[in-house]
Structures are given as structure tokens and as C-alpha cells.
Amino acid sequence: MSKKALVIDDNDLVRETLKAMLEFLGFEVAVSENGEEALEKFKSSEKAFDVVFVDLVMPGISGKTLLQKLIEIDPQVKAIISSGYSNDPAIADYEKLGFKGILNKPYTIDELKEALKKLNLL
């Protein structure tokens, strides 16, 4: 059975590129362009997501706030920050915030594979 990923990013190109890379790696992928939509998909999914990629800076719900809401729904959620803001304090404190990994944009498929391996998902 394939692993399931949720990609949350307000940038179409980032969302579609990450979706394509994950599908190439054998994941079933759902995408959301904002936190509100992501919460609905997360709650209504029949099968739990194995990993969630969260853009740190989005309109509406921020990535940090979104993760807290996801943790309330599923305390075991494996979330990875996907961010282009490498100097954001959340990047340094990602584990304290509940994130399990980090990918600094732009990233390669090898960097994506490494992040997934650390979570035992590859």
C-alpha cells in the first residue's frame, strides 16, 4: 500500500513540483493551497497522512498555527517545514514547534528523499 502525503503551499509551482516528486517516489498525494483547505482534507481523509509538508509563510493560517491544529487532530502527525525563509526563527526551533523535519526551498529530490528517510518513510 502506498504512503500518503499532504502538501500545503500557497505557491502553485512549489505545490505541483513537490507533488510530482512525491508521486515519483510512490506516494499518493493530496494538495492544499491554504491552511483552511488543508485542515478540511486532513480531517476528512479516510486514511491518515504519513507525512505533511507545511509551507511556513502562507496567507490566512500560518504554518506554525496550522501545525498546532494538525497536532490537536493527530498528535502523531509527521510534518516537515517547507520554507524559503531560512532565517525565520521557526526554522531553528522547528522541533520545539512539533515539526519532524525541514526542507529549505528550493530543494532537490535527493534532499526530499533524505528528509523522508529520516522519518522512515522511504
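Two strands pair if DSSP finds at least two bridges between them, and strands (E, at least two residues) and helices (H or I, at least four) are DSSP runs numbered from the N terminus. With that in hand, select β3 and β4: they run parallel, joined by 4 bridges. Click on V54 and look across to I81, its bridge partner in β4.

A word on what you are viewing: this is a predicted model, where local features need pLDDT of at least 70, side-chain atom pairs count only at pLDDT 80 or more, and totals for chains, interfaces and linings use all residues. Residues are numbered from 1 along each chain as its sequence is written, and side-chain values use heavy atoms, leaving out hydrogens and water.

Next, show the whole sheet, which is open and has 5 parallel strands in the order β2-β1-β3-β4-β5. At its edges you will find β2 (28-32) and β5 (101-104), each pairing on one side only.

Now select L66 and its surroundings. Leaving aside residues up to four places away in sequence, L66 touches I8, G35, A38, L39, V54, M58 and I61, where contact means heavy atoms within 4.5 Å.

Finish at the rings of F42 and F49. They form a stacked aromatic pair, 6.0 Å centre to centre with 15° between the planes; rings of Phe, Tyr and Trp (its six-membered ring) pair if their centres lie within 6.5 Å, and planes under 30 degrees apart count as stacked, over 60 as edge-to-face and the rest as tilted. F42 is buried at 9% relative accessible area, and F49 is buried at 8% (buried is under 20%, exposed over 50%, partly exposed in between, with a 1.4 Å probe and protein chains only).
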